[in-house]
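Visitor: Before we start, could you take me through the features of a model one by one, giving the general idea and then the case at hand?

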Amino acid sequence: MKNYLSVNDLGNLQNAVKEAIEIKKNRFAYKHLGENKTCLLVFFNNSLRTRLSTQKAAMNLGMNTIVLDVNQGAWKLETERGVVMDGDKSEHLLEAIPVMASYCDIVGVRAFAQFESKEYDYNETILNQFIRYSGKPVFSMEAATAHPLQAFADLITIEENKKTARPKVVLTWAPHPKALPQAVPNSFADFMNEADVDFVITHPEGYELCESFARNAKVEYNQNKAFEGADFIYAKNWAAYADPNYGKILSKDMSWMVDSEKMRLTNNAFFMHCLPVRRNMIVSDDVIESPQSLVIQEAANREISAQTVLKRMLESL
Ligand code: CP
């Protein structure tokens, strides 16, 4: 695997999940692969899970890791070409990227959507500059439009817990006080559309996801109806994608929060969320604390998804 940017880079998805589950059984079996190799993790945004799980995955593979928080201690970076740099940004990404790349073998990048321009975000402007100018394999640690390490961990978690061969998986929008990117729901949809599941998306009107991610997924605007018979409920907030409301909050309707009354409509479904989660906005305390909540297992599986991806990247160096 050269780069890891979407589900497409995993090839056969069933094989990738099988490989991940094998790695989980013996996560130090490939320690030789990363000897004398360095993984650089570049964060333009905050992180808890991605930062720790990716470092742990790299360590399991015998790699060294360097972590850079661009906004804490590095020079403020300009990302647009052609700008007269007479403001507060001291360094251009076009120099910074090859310099950073000179210290490592593989680069991970986290660069969220900024919601200033849909074109800038959906062209993955920052991630693509790393791919173009680093000369090194690049993996996404959540970019503007996708979070494929999260979605891979989510799929592993579903595989570990499913009770039927083809479970019903529901991605539900839920309210949030701030405008959040579509990266997590986009990638979750991308993976579920490739997996052997009955996939339904439910959200208020106006929150339709980008077609290239939602594809042929069934969209049900009635959340209660969507929950009927579900085996997995995956909750997430996202801001509007469709023009002219790109990046805007259209609703804070608290009736969309996942609570125990809604979970009773399901087939005793498992509850999933990528975390961090706002309790009693997205999900009630009793649901996230219930035995059906998989949120900690999902987060733990981030180590496994990252390790499977890094293993494949190391094998291709
Ligand atoms: N789910 C996830 O990516 O968590 P962090 O933002 O804490 O890395």
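Guide: What follows moves from salt bridges to pockets and cavities, and then to the backbone.

Guide: This is a predicted model, in which local features need pLDDT of at least 70 and side-chain atom pairs count only at pLDDT 80 or more, whereas totals for chains, interfaces and linings use all residues. Residues are numbered from 1 along each chain as its sequence is written, and side-chain values use heavy atoms, with hydrogens and water left out.

Visitor: How many salt bridges does the structure hold?

Guide: A salt bridge is a side-chain nitrogen of Lys or Arg within 4 Å of a carboxyl oxygen of Asp or Glu, and the structure holds 17 of them. One joins Lys-311 to Glu-19, with the closest N and O atoms 2.8 Å apart. That pair links distant parts of the chain, since Lys-311 sits in helix α12 (residues 295-315) and Glu-19 in helix α1 (residues 13-25), 292 residues apart; helices (H or I, at least four residues) and strands (E, at least two) are DSSP runs, numbered from the N terminus.

Visitor: Is Lys-311 buried or exposed?

Guide: The terms rest on relative accessible area, where buried means under 20%, exposed over 50%, and partly exposed in between (1.4 Å probe, protein chains only). Lys-311 counts as buried because its relative accessibility is 7%, and Glu-19 is buried as well. The C-alpha atoms of Lys-311 and Lys-31 are separated by 9.4 Å, although these residues are 280 residues apart along the chain.

Visitor: Which parts does the salt bridge between Lys-24 and Glu-160 tie together?

Guide: The closest N and O atoms of Lys-24 and Glu-160 are 2.8 Å apart. Lys-24 lies in helix α1 and Glu-160 in helix α6 (residues 148-161), so the pair ties together parts that are 136 residues apart in sequence. Lys-24 is partly exposed, with a relative accessible area of 27%, and Glu-160 is also partly exposed, at 31%.

Visitor: How should I read the largest pocket, and which residues are closest to its centre?

Guide: On a 1 Å grid over the protein atoms alone, a cavity is a set of points where a 1.4 Å probe fits but cannot get out, while a pocket is an open set with protein on both sides within 12 Å along at least five of seven lines; lining residues have an atom within 4 Å of a point. Grid points are joined across faces, edges and corners, and a volume is the space filled by probe spheres set on the points. The largest pocket holds about 570 Å³ of space. It is lined by 25 residues, of which Arg-110, Phe-112, Glu-142, Leu-275 and Pro-276 are the closest to its centre. Domain 1 (7-146 + 302-315) and domain 2 (150-298) each contribute at least three residues to that lining, the domain bounds coming from an automatic or database domain assignment.

Visitor: What is the volume of the largest cavity, and what lines it?

Guide: There is one cavity of 30 Å³ or more, and the largest cavity has a volume of about 60 Å³. Its lining includes Phe-112, Tyr-120, Glu-124 and Ile-126, and α5 (125-134) gives the most to this lining, with three residues.

Visitor: Where in the backbone are the cis peptide bonds and the positive phi values?

Guide: Most residues other than glycine have a negative phi, and most peptide bonds are trans. Here a cis peptide bond joins Asp-243 and Pro-244, with omega about 5°, and the bond from Leu-275 to Pro-276 is also cis, with omega near 0°. Pro-276 lies in the loop between β11 (270-272) and α11 (285-288), and Asn-280 lies in the loop between β11 and α11 too. Asn-280 has a positive phi, near 65°, and is partly exposed, with a relative accessible area of 36%. Phi of Asn-36 is positive and near 65° as well; Asn-36 is in the loop between α1 and β1 and is exposed, with a relative accessible area of 66%.
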